[in-house]
Amino acid sequence: MTAGVRRLDHVAVAVRDAEAALALYAGVLGGRFVLGGDNDETGNRIIHLRLGGFKIELMQPLRDDSLLARTIDRRGEGFHHVTFVVGDVTRTVDVVEAAGFETVGTDLGDPTWRETFLRPRQTGGLVQLVDTDRDWSGPVDGITLDDVLAGRAGFDGAWPCWKGTR
């Protein structure tokens, strides 16, 4: 039995300065803004760019005490995780655990983005497996890249929104 991967959704890159990283990912490589915002709970700014047949997620820490900031301090900027969309993350957890892989950070509480992660020491890097009831392929509520960079956009759970509307 397989995990039921439907598609590669995104590759996440940890950066200290998302605006500076945009010079490469949007400028040189031609990535187009899809969605983004600040996650006040985790202390991160997230920017998704469409690049070819998948997305690049730029992850910038907004606070020195965030897990992402500590990760960048330890490992430097670069690859953070890869995310695959699956049909049913609960079933996928059963399949990968039966195959001997440990899952961590499983969160099934929000149908917008139900997720689990596979331990990097078993997989050669952090792997995220998700299922979702939303279409993540285009901008949300008119939020632009400039809005994200200015801190006007955030998240309601996993879904992008204007700050102050949650």
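# Exercises on a predicted model

The protein has 166 residues, and a compact globule of that length would have a radius of gyration near 15 Å; the value here is 16 Å, which agrees. The model is predicted.

## Exercise 1: The overall fold

Task: Describe the protein by its secondary structure, its extent and its contacts.

Solution. 
- Step 1. Take the secondary structure. It comes to 5 helices and 10 strands.
- Step 2. Take the extent. The C-alpha trace spans about 45 × 35 × 30 Å along its principal axes.
- Step 3. Residues 24 or more positions apart account for 53% of them.

## Exercise 2: Gln 60

Task: Decide whether Gln 60 is buried or exposed, and find its surroundings.

Solution. 
- Step 1. Locate the residue. Gln 60 lies in strand E4, residues 54–61.
- Step 2. Apply the cut-off. Buried means under 20% relative accessible area. Gln 60 has 13% relative accessibility, so it counts as buried.
- Step 3. List the contacts, leaving out residues up to four places away in sequence. Gln 60 touches Val 15, Arg 16, Asp 17, Ala 18, Glu 19, Gly 43, Asn 44, Arg 45 and Leu 68.
- Step 4. Look at Ala 18 again. Its backbone nitrogen lies 2.7 Å from a polar atom of the Gln 60 side chain.

## Exercise 3: Asp 147

Solution. 
- Step 1. Set aside residues up to four places away in sequence. Asp 147 then touches Gly 142, Arg 152, Ala 153 and Trp 162.

## Exercise 4: Arg 32

Task: Which residues does Arg 32 contact, apart from its neighbours within four places in sequence?

Solution. 
- Step 1. Arg 32 lies in strand E2, residues 32–39.
- Step 2. Beyond those neighbours, Arg 32 is in contact with His 48, Leu 49 and Arg 50.
- Step 3. Arg 32 and Leu 51 are 19 residues apart along the chain, and their C-alpha atoms are separated by 6.8 Å.

Technical notes: Residues numbered from 1 in each chain as written. Predicted model: local features only at pLDDT ≥ 70, side-chain atom pairs only at ≥ 80, totals over all residues. Heavy atoms only, no water. Helix = DSSP H or I, 4+ residues; strand = E, 2+ residues; numbered from the N terminus. Rg over C-alpha atoms; globule rule 2.2 N^0.38 Å. Contact = heavy atoms within 4.5 Å. Buried < 20%, exposed > 50% of the residue type's maximum accessible area, 1.4 Å probe, protein only. Polar contact = N/O pair within 3.5 Å; in protein donor to acceptor, adjacent residues only side chain to side chain.
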